[in-house]
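Visitor: I'd like a close look at just one part of this model, please. Could you walk me through it together with whatever packs against it?

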Amino acid sequence: MTRSTVSGATAISRSRRSRVLGRLVFLGPGLAYLIVLLLIPLALVLSYAFFRRGRFGGVIYELTGENFTRLVDPLYLDVVLGSLKLAAAATLIALLFGYPTAYLIARLPAKWKTIALIAIVLPFWTNFLIRIYAWIVLLSGPGLVNTLLGKLGLGPFEFLYNDGAIVTGLIYSYLPLMVLPLYAAIEKLDPQLREASANLGAKPARTFVSVTLPLTLPGVITGCMFVFVPSFGNFVIPELLGGGRSIMVGNLIRDQFLTARDWPFGATLAMALIAVLIVLLLLQAWSARRA
């Protein structure tokens with residue numbers, strides 16, 4: 001091997017090391033953040049799921065599978081199914097409201113699109129709890145809604161502390177997460193495809209079903225995931241707007257850690273919830289690739 005060949009190989013090796021070092025420099029802070037604040041806490045929670053609860057709370061480090069057998073208890077299965085029902089209802093209604101909203105925003109003139117999008121995300125600039133307490137003021141017995149209905153000779157109605165109030169709070173909180181991906185999908189849609197469909201004699205409804213909806217399906221799936229995932233694990237809205245009458249998975253996990261002091265079972269519930277969400281995210285990624 002000649003000296004020039006050796007020097008060339010050395011230069012290539014140094015170049016590779018420098019590229020790897022450069023990547024580590026840029027990826028290091030993000031990786032450290034994920035490891036310290038995500039992976040280590042998840043590993044700790046996962047480890048708790050295999051231990052027993054102490055008589056007065058805490059964790060006894062004796063391996064057991066009892067926590068996983070408790071997951072199939074009808075009491076906890078009812079909570080999971082109830083959470084799925086409320087989250088699915090909120091997601092479906094958010095889709096029914098969000099799709100027309102995103103479609104109309106995408107059809108606006110360019111100068112109005114920015115204003116409309118700012119209006120959509122504007123609620124996120126206000127504290128989450130303040131917005132939920134505002135709904136309590138609106139929907140309470142002497143609140144604004146019942147007052148207006150009373151002037152019309154209607155009511156009063158019990159709007160708070162039921163499943164309807166929970167679904168309303170979930171929709172209000174996460175509707176922007178439905179509108180934004182739908183808007184992005186509709187905005188990228190080639191208008192010539194709709195024009196071609198109309199030129200071939202298709203009515204607007206047929207064009208929507210055959211052209212617009214299939215091509216924007218990835219945005220629909222993404223928006224549904226953005227709404228369903230936080231709705232399924234939410235515990236603040238069921239507590240405040242539901243009055244604690246409807247217990248969701250998030251409330252159950254919180255109670256296991258803070259009230260019952262059963263950390264191992266709380267960790268088991270949390271890991272089961274994470275597993276369900278991971279499966280849903282994988283299905284969303286798979287459907288997006290197929291689309």
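How many residues does helix H3 have, and how far does it reach from its first C-alpha to its last?

Guide: Happy to. This is a predicted model, in which local features need pLDDT of at least 70 and side-chain atom pairs count only at pLDDT 80 or more, while totals for chains, interfaces and linings use all residues. Residues are numbered from 1 along each chain as its sequence is written, and side-chain values use heavy atoms, leaving out hydrogens and water.

H3 has 34 residues and reaches 49 Å, close to the 50 Å expected at 1.5 Å a residue (1.5 Å times one less than the number of residues; helices are DSSP runs of H or I, at least four residues, numbered from the N terminus). At its start, a side-chain oxygen of Asp 73 comes to within 2.8 Å of the backbone nitrogen of Leu 75. Further along, H3 has a kink of about 25° at Gly 98, shortly before Pro 100 (the angle between axes fitted to the seven residues ending there and the seven starting there).

Now for its partners. The axes of H3 (residues 74-107) and H7 (residues 163-187) come within 6 Å and cross at roughly 40° (lines fitted to C-alpha atoms over the stretch in contact, with angles from 0 to 180 degrees between N-to-C directions). H3 passes H7 in a right-handed crossing (the near helix is turned clockwise from the far one by less than a right angle). The residues of this contact divide into 22 nonpolar, 3 polar and 3 charged.

H7 itself has 25 residues and reaches 35 Å, close to the 36 Å expected. Asn 162 caps its N-terminal end, with a side-chain oxygen 3.1 Å from the backbone nitrogen of Gly 164. At Tyr 174, H7 bends by about 50°, and the proline Pro 176 follows within four residues.

H3 also packs against helix H10 (residues 217-232), at an angle of about 140° and with the axes 9 Å apart. That makes H3 oblique to H10, and this crossing is right-handed.

Terms used: Helices (H or I, at least four residues) and strands (E, at least two) are DSSP runs, numbered from the N terminus. Ala, Val, Leu, Ile, Met, Phe, Trp, Tyr, Cys and Pro count as nonpolar, Asp, Glu, Lys and Arg as charged, and the others, Gly among them, as polar. A polar contact is a pair of N or O atoms within 3.5 Å; within protein, one must be able to donate a hydrogen and the other to accept it, and residues adjacent in sequence count only if both atoms are side-chain atoms. Angles under 35 degrees count as roughly parallel, over 145 as roughly antiparallel, 65 to 115 as roughly perpendicular and the rest as oblique.
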